[in-house]
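Subject: Structure for you to look at

Hello,

Below is the structure I said I would pass on.

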Amino acid sequence: ARLNMAKLHEKAGRLEMGRANFKEAEGFLRKAVDLAPPWAAPRLYLGELRRRQGRTEEAFALLDAVSKERPEWPEGHYTYGRLLVDLGRKGEAADRWQVAERRGMDVRRRLEDDGRPAGVVLRDDRGPGVRDDQQG
C-alpha cells in the first residue's frame, strides 16, 4: 500500500517537474521518498529536479547514490550523465551513457527527445559522446 501511494506521488512529482512547478514537484517527490525510502525512482527524480534548479551539489549526491544502489538501472546512469555534462565532466558523462546503452536504453534517442545539452554529439559508430563546443 505504501509503495502504491509512493508511486502516485512520484508520478505527480514528475508531472509537476515537467510543468516547471518545482516547489510542488519537490513536495510530491519528498512524500514518495518518505513513503518508500528504499525505492530509488523518487530520489532519482529529486536529483533531476535539483539539477534543473542548479543545485548541483545536492543533485550530485542524490544521483551518485542512486546509480550505485541500482547499477542495473539505465535511467540512473542517463540522468547522472546529464548532470556530469552540466558540471563540465563530459568524458564521465559519456561513460555513464555507455553504461545506460549496455543496460538497454537508446541514449541517442533519449538525448534527442530531451533536448541535447550543449557540447553533446551523437556518434553513429560508438553511441553517444561528448565534445567541447570549441572543437566543432
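The model is predicted, so local features need pLDDT of at least 70 and side-chain atom pairs count only at pLDDT 80 or more, while totals for chains, interfaces and linings use all residues. Residues are numbered from 1 along each chain as its sequence is written, and side-chain values use heavy atoms, with hydrogens and water left out.

Overall

The protein has seven helices and two strands, in the order α-α-α-α-α-α-α-β-β from the N terminus. Helices (H or I, at least four residues) and strands (E, at least two) are DSSP runs, numbered from the N terminus. Of the 136 residues, 45% count as buried; buried means under 20% relative accessible area, exposed over 50%, and partly exposed in between (1.4 Å probe, protein chains only). Among contacts with a separation of 6 or more, residues 24 or more positions apart account for 47%.

Helices around α3

Back to α1 (residues 2-18) and α3 (residues 41-53): they pack at an angle of about 15°, with axes 10 Å apart. Axes are lines fitted to C-alpha atoms, for helices over the stretch in contact, and angles run from 0 to 180 degrees between N-to-C directions. The two helices are therefore roughly parallel; angles under 35 degrees count as roughly parallel, over 145 as roughly antiparallel, 65 to 115 as roughly perpendicular and the rest as oblique. The crossing of α1 and α3 is left-handed, a term used if the near helix is turned anticlockwise from the far one by less than a right angle, with right-handed used if clockwise.

The axes of α3 and α5 come within 10 Å and cross at roughly 15°. That makes α3 roughly parallel to α5, and their crossing is left-handed. From α3, the residues L44, Y45, E48 and R51 meet E75, G76, T79, R82, L83 and D86 of α5. This contact has three nonpolar, two polar and five charged residues.

Against α4, α3 packs at an angle of about 150°, with the axes 8 Å apart. The pair is therefore roughly antiparallel. The crossing of α3 and α4 is left-handed. On the α3 side are R43, L44, L46, G47, E48, R50 and R51, which meet E58, A59, L62, L63, V66 and E69 in α4. By class that gives six nonpolar, one polar and six charged residues.

Core

The largest nonpolar core has 25 residues, and W97 and V107 touch the most other members. Two or more residues each come from α2 (22-35), α3, α4 (56-69), α5 (74-86), α6 (90-102) and α7 (107-114). A nonpolar core is a set of buried Ala, Val, Leu, Ile, Met, Phe, Trp, Tyr and Cys residues joined through side-chain atoms within 4.5 Å.

Single residues

E10, in helix α1, counts as buried because its relative accessibility is 7%. Leaving out residues up to four places away in sequence, E10 touches L29, A32, W39, A41, P42 and Y45. Its C-alpha atom is 8.6 Å from that of R30, 20 residues apart along the chain.

R82, in helix α5, counts as buried too, at 10% relative accessibility. The C-alpha atoms of R82 and A94 are separated by 9.4 Å, the residues being twelve apart along the chain.

R96 belongs to helix α6. With residues up to four places away in sequence not counted, R96 touches D64, S67, H77, Y80, G81 and L84. Between the C-alpha atoms of R96 and S67, 29 residues apart along the chain, the separation is 9.5 Å.

Lastly, A20 lies in the loop between α1 and α2. Phi of A20 is near 65°, a positive value in a residue other than glycine.

Regards

Terms used. Contact means heavy atoms within 4.5 Å. Ala, Val, Leu, Ile, Met, Phe, Trp, Tyr, Cys and Pro count as nonpolar, Asp, Glu, Lys and Arg as charged, and the others, Gly among them, as polar.
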